[in-house]
Amino acid sequence: MSGVRFQLLGPLSITDGGETVVLHPSKPANLLAALLLNANAIVSVEYLQRMVWGDEQPATARAALQTCVLRLRRLFVKHEVVDASIEAVPGGYRITADARSLDLMDFRDRLREAAGRAPGAALTPLQGALGLWQTGVLANVRSDVLHRDEVPRLLEERLRAVELLCDLRLELGQCGPALEELWGATRAHPDHGRFREQLIEALYRSGRQAEALAEYRRFKAYLAEGLGVGPSAALRQLELSILRGEDLGPASESAPPLTPAPAEQRAGAGAGARPTLPAVPWFTGRADAVAALLRRLTAGPEATGAPVAELVCGGPGIGKTALARQVAHLARDHFPGGQVLVRMARADGTPRGAAEVTDELAERLGALTPAGPGERALLLLDDAVDPAGVRDVLSAVTGHATVITSRLGLAGLVATHGVRVHRLGALSAEEATGLLAAVLGAERVAAEPGAAEEVAEVCGHHPLALVIAAARLETRPGLGLGDCARWLAEEPLARLSLAGDPRMSVVALLDAAVDRLTPELAAAYAALGTLDAPGWEPADCAVVLERSPAECEAVLERLADAGLVEDGPPGPYRPHPLLRLHARHIAPRDGGPGPVGAGRSGGAGRSGPSGRSDRPRQPDQRDQPGRADPPPQPDQRNQPGQPDPPPQPDQPTHVGEPVRASHASEPRRSTEPSRPTEPSQPAVPSRPSEQSQPLRPSQPSQPRQRV
């Protein structure tokens with residue numbers, strides 16, 4: 001293909017104007033996308049490895065990267081790509097491209113051309129630039145990191161171009177075409193205040209005053225109910241002008257000229273991408289927490305000069321990361337330096353070193369401290385498990401705003417760094433049903449309002465459990481909410497999981513949380529599950545822990561700090577119903593809880609409280625009427641010379657049919673490499689049947705089916 005053109009503003013593809021080759025998802029495709037996004041710049045090997053393999057890279061990543069480069073060069077030869085090549089240069093790799101060979105550079109060149117022209121002459125290049133975009137941007141590139149860090153920035157460039165086009169149309173009096181663009185833009189991006197302001201202005205300039213005011217009030221109510229904030233000063237002034245019937249005069253100033261930074265500034269070591277975080281799917285509720293975080297983050301540095309640092313803490317799966325990411329998305333316009341999420345813990349729950357974290361931040365930001373207000377970034381330190389490491393990172397990133405998420409209370413950071421704490425609990429009943437409605441649709445929930453409340457109650461108003469239940473219902477439109485609630489209530493822990501995704505499992509999440517405890521504290525947690533009282537008083541715990549009330553209170557405090565119980569003095573400590581059920585069914589069956597040592601929670605201990613699997617098993621064909629139990633099968637996964645079983649397709653499940661979820665019937669020490677992540681939302685009081693009906697002991701494990 002002489003005159004070949006690479007396409008990034010849609011599925012990754014190669015075209016010569018006649019024939020188009022859409023690349024299959026592969027590691028070389030990930031590599032090509034990462035290089036083209038930083039065309040004409042030297043891109044570091046470390047950055048490319050992260051784009052190709054993600055944050056967790058294999059030990060052989062550097063050698064495998066060279067293999068990917070070789071495969072790409074062969075692909076270029078196969079398709080007769082002669083005008084582009086991948087160069088190995090000191091520090092990394094580089095691919096050369098221009099506006100003729102790369103649609104992204106063509107898009108940016110047209111924007112520069114539009115920015116240098118008068119409004120009337122700028123329309124043509126701007127419309128041409130937006131015409132280069134297709135649906136499904138890089139949909140065939142299977143890199144979570146690239147879609148997390150690079151694609152949002154790419155989409156933001158398109159939104160700014162749409163904003164500029166609508167400004168130009170309003171300035172030229174073309175309100176009709178502007179309205180056609182803005183109706184779709186405001187509905188696709190309901191949080192985008194500038195689009196809504198342009199829509200209201202276009203309606204008013206078209207003589208539709210009542211519709212303009214109605215649109216303003218809809219947006220104002222949306223902000224108040226969903227986010228707890230009000231419209232911008234510019235939008236309030238526009239409303240006042242409409243109410244007074246004033247002539248708006250010349251159209252509002254256009255958006256800032258779109259002059260993208262040179263690729264050298266964006267790539268370098270792969271740090272200057274200025275990434276933003278996308279909105280969280282199905283995010284519902286938490287209005288007070290969202291409003292409080294937005295007020296703090298958007299107010300700028302404290303009067304003392306200290307940067308803003310916020311801590312979002314709570315139990316496993318309660319929605320800490322979801323809240324932090326949603327707030328970061330809403331506050332994105334206040335952080336021109338970008339938004340970066342870094343993991344503070346490895347997949348096994350052990351803390352990452354502060355030096356490792358700051359190195360990653362330096363790579364992605366370009367500098368640990370901002371040169372000025374225009375470089376200020378928002379940092380999300382996710383899943384912090386080591387207070388000392390957090391302190392070291394905060395000391396290294398002065399000038400940026402920081403949101404920390406952790407299951408631990410991290411109270412020491414309040415004293416040393418002025419961190420403000422936002423502790424999350426279960427969702428309210430209204431928020432829980434609202435989350436179901438967000439996933440399933442308001443009509444389906446409104447058709448069975450009582451059943452929706454039952455589903456929320458079985459899930460304990462717990463966000464991860466609710467999302468799992470809603471996802472199961474969404475894939476089975478014929479399944480009634482009431483039937484689903486009754487089916488889940490029979491074995492809630494075993495059935496609150498999705499086949500094929502080990503992260504979407506309540507059992508896996510709670511197993512991983514307990515595995516982070518020291519063995520002694522994990523044993524205490526399991527032993528406390530045998531208590532029937534709704535709350536745990538130190539005096540009541542003394543019997544099962546065989547300790548004094550004072551020692552029991554210290555144990556309960558450590559469990560509370562680990563996010564496994566709530567409340568505490570002066571009242572009782574209260575475990576979430578799903579946590580209570582989990583503790584009850586991992587409790588040792590043949591004796592006491594074992595010694596409770598002085599090790600801190602979240603420490604290096606990884607083994608569970610007992611060597612056996614006493615948690616609820618997953619239902620399978622042995623539960624079916626008329627079937628005899630098969631003889632026990634040995635677990636061959638770790639036997640020498642035994643290969644992994646072949647992948648099996650997911651099996652559809654319905655109420656009353658067998659459900660398999662990876663983890664629920666396995667021993668405590670999980671072999672899954674990935675840590676369960678926080679869900680889109682936060683938790684519920686348990687149904688009485690969950691606490692009173694014992695589940696059956698687990699059966700011998702079958703070999704795991706890898707999906």
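In what order do the five strands of the open sheet come? The answer is 8-9-10-7-11, with parallel pairing.

1. Ground rules. This is a predicted model, where local features need pLDDT of at least 70 and side-chain atom pairs count only at pLDDT 80 or more, while totals for chains, interfaces and linings use all residues. Residues are numbered from 1 along each chain as its sequence is written, and side-chain values use heavy atoms, with hydrogens and water left out.

2. Edges of the sheet. Strand 8 (339–343) and strand 11 (420–423) each have a single partner strand, so one side of each lacks a neighbour in the sheet. For the labels: strands (E, at least two residues) and helices (H or I, at least four) are DSSP runs, numbered from the N terminus. Two strands pair if DSSP finds at least two bridges between them.

3. On average, neighbouring strands here are turned by 20° against each other, direction ignored. The axes behind that angle are lines fitted to C-alpha atoms, and angles run from 0 to 180 degrees between N-to-C directions.

4. Strand 9 and its partners. On one side, strand 9 (residues 378–382) runs parallel to strand 8, joined by five bridges. V342 has L381 as its bridge partner, and R343 stands opposite D382. Strand 9 also pairs with strand 10 (residues 401–406), again in the parallel sense, over four bridges; in that pair L379 faces T402.

5. Burial of strand 9. Five of its five residues are buried (under 20% relative accessible area, with exposed being over 50% and partly exposed in between; 1.4 Å probe, protein chains only). In a regular strand the side chains alternate between the two faces of the sheet. Here both faces of strand 9 are covered: L378, L380 and D382 lie on one side, L379 and L381 on the other.

6. The crossover. Strand 9, helix 16 (residues 387–396) and strand 10 form a right-handed β-α-β unit. Right-handed means that, with the strands pointing away from the viewer, the path from the first strand over the helix to the second runs clockwise.

7. Two residues to look at in the loops. H461 isn't a glycine, yet its phi is positive, about 55°. H461 sits in the loop between helix 20 (449–458) and helix 21 (463–474), and counts as buried at 9% relative accessibility. E546, also not a glycine, has a positive phi near 55°. E546 lies between helix 26 (538–545) and helix 27 (549–561), in the loop; at 57% relative accessibility, E546 counts as exposed.
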